[in-house]
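Please read them with the structure open.

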Amino acid sequence: MRSPRRCSRNGCPRQAVATLTYVYNESTAVVGPLAAFAEPHTYDLCEPHARSLTAPRGWNVVRHEGEFEPPPPSADDLVALAEAVREAARPAPPRPPSDDRGGGPQHHHNPQTGRRGHLRVIPPNH
């Protein structure tokens, strides 16, 4: 499942709701609603970082007035969610009966090697 876009600020785990774009030839930083697609040379910001952004001395900040809202789910998000629900609802495949007639791998707990399923602990004297 595709995860939502996150804030570009280092260490910030919050969901992005705004996009920061620098217009270098006008010495302006523009903070607006989250762009539909992540673009090179733009930065996604969460609401606290979008509201508190400051620009270098001599630069202007043009900031969206109003609420920053998270983007609505896209068709890709809805398809991924439906696939995840479908996968979670799928019953587990039946396990083959285990018997000692050589019909496949055995998964018995062996106290000597500590075998359990597909994992094995080897005693230190080996």
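1. Basis. This is a predicted model, in which local features need pLDDT of at least 70 and side-chain atom pairs count only at pLDDT 80 or more, while totals for chains, interfaces and linings use all residues. Residues are numbered from 1 along each chain as its sequence is written, and side-chain values use heavy atoms, with hydrogens and water left out.

2. Sheet layout. Four strands form an open sheet in the order S3-S1-S2-S4, with mixed pairing. Helices (H or I, at least four residues) and strands (E, at least two) are DSSP runs numbered from the N terminus, and two strands pair if DSSP finds at least two bridges between them. S3 (42-45) and S4 are the edge strands; each has a single partner strand, so one side of each lacks a neighbour in the sheet. From one strand to the next the twist averages 20 degrees, with axes taken as lines fitted to C-alpha atoms and angles running from 0 to 180 degrees between N-to-C directions.

3. Strand pairs. S1 (residues 18-23) and S2 (residues 28-33) are antiparallel, with 6 bridges. Their hairpin has 4 residues between the strands, and Ser27 in this hairpin has a positive phi near 50 degrees. S1 also pairs with S3 in the antiparallel sense, over 4 bridges. The parallel pair is S2 with S4 (residues 60-63), joined by 4 bridges, where Thr28 is opposite Asn60 in S4.

4. Leu20 faces Val31 in S2 and has Tyr43 as its bridge partner in S3. Its contacts (heavy atoms within 4.5 Å) include Ala29, Thr42, Leu45 and Leu53, not counting residues up to four places away in sequence. Leu20 belongs to the largest nonpolar core, which has 12 residues, among them Cys7, Val17, Val31, Ala50 and Phe68. S1 and S2 are the elements that give two or more residues to this core. A nonpolar core here is a set of buried Ala, Val, Leu, Ile, Met, Phe, Trp, Tyr and Cys residues joined through side-chain atoms within 4.5 Å.

5. Thr19. Which strand holds Thr19? Thr19 is in S1 and is buried, at 6% relative accessible area. Buried means under 20%, exposed over 50%, and partly exposed in between (1.4 Å probe, protein chains only). A polar atom of the Thr19 side chain lies 2.8 Å from the backbone nitrogen of Ala35. Among the residues that Thr19 touches are Arg5, Gly32, Pro33 and Asp44, not counting residues up to four places away in sequence.

6. Aromatic rings. Rings of Phe, Tyr and Trp (its six-membered ring) pair if their centres lie within 6.5 Å; planes under 30 degrees apart count as stacked, over 60 as edge-to-face and the rest as tilted. The count by this rule is 4 aromatic pairs. Tyr22 and Tyr24 make a tilted pair, 5.9 Å centre to centre with 35 degrees between the planes. Tyr22 and Trp59 make an edge-to-face pair, 5.8 Å centre to centre with 85 degrees between the planes. This second pair links distant parts of the chain, with Tyr22 in S1 and Trp59 in the loop between helix H1 (47-52) and S4, 37 residues apart. Ring pairs link Tyr22, Tyr24, Tyr43 and Trp59 into a cluster.

7. Tyr22 is partly exposed at 26% relative accessible area, and Trp59 is partly exposed at 24%. Tyr24 is exposed, at 57%.

Definitions and conventions
Polar contact = N/O pair within 3.5 Å; in protein donor to acceptor, adjacent residues only side chain to side chain.
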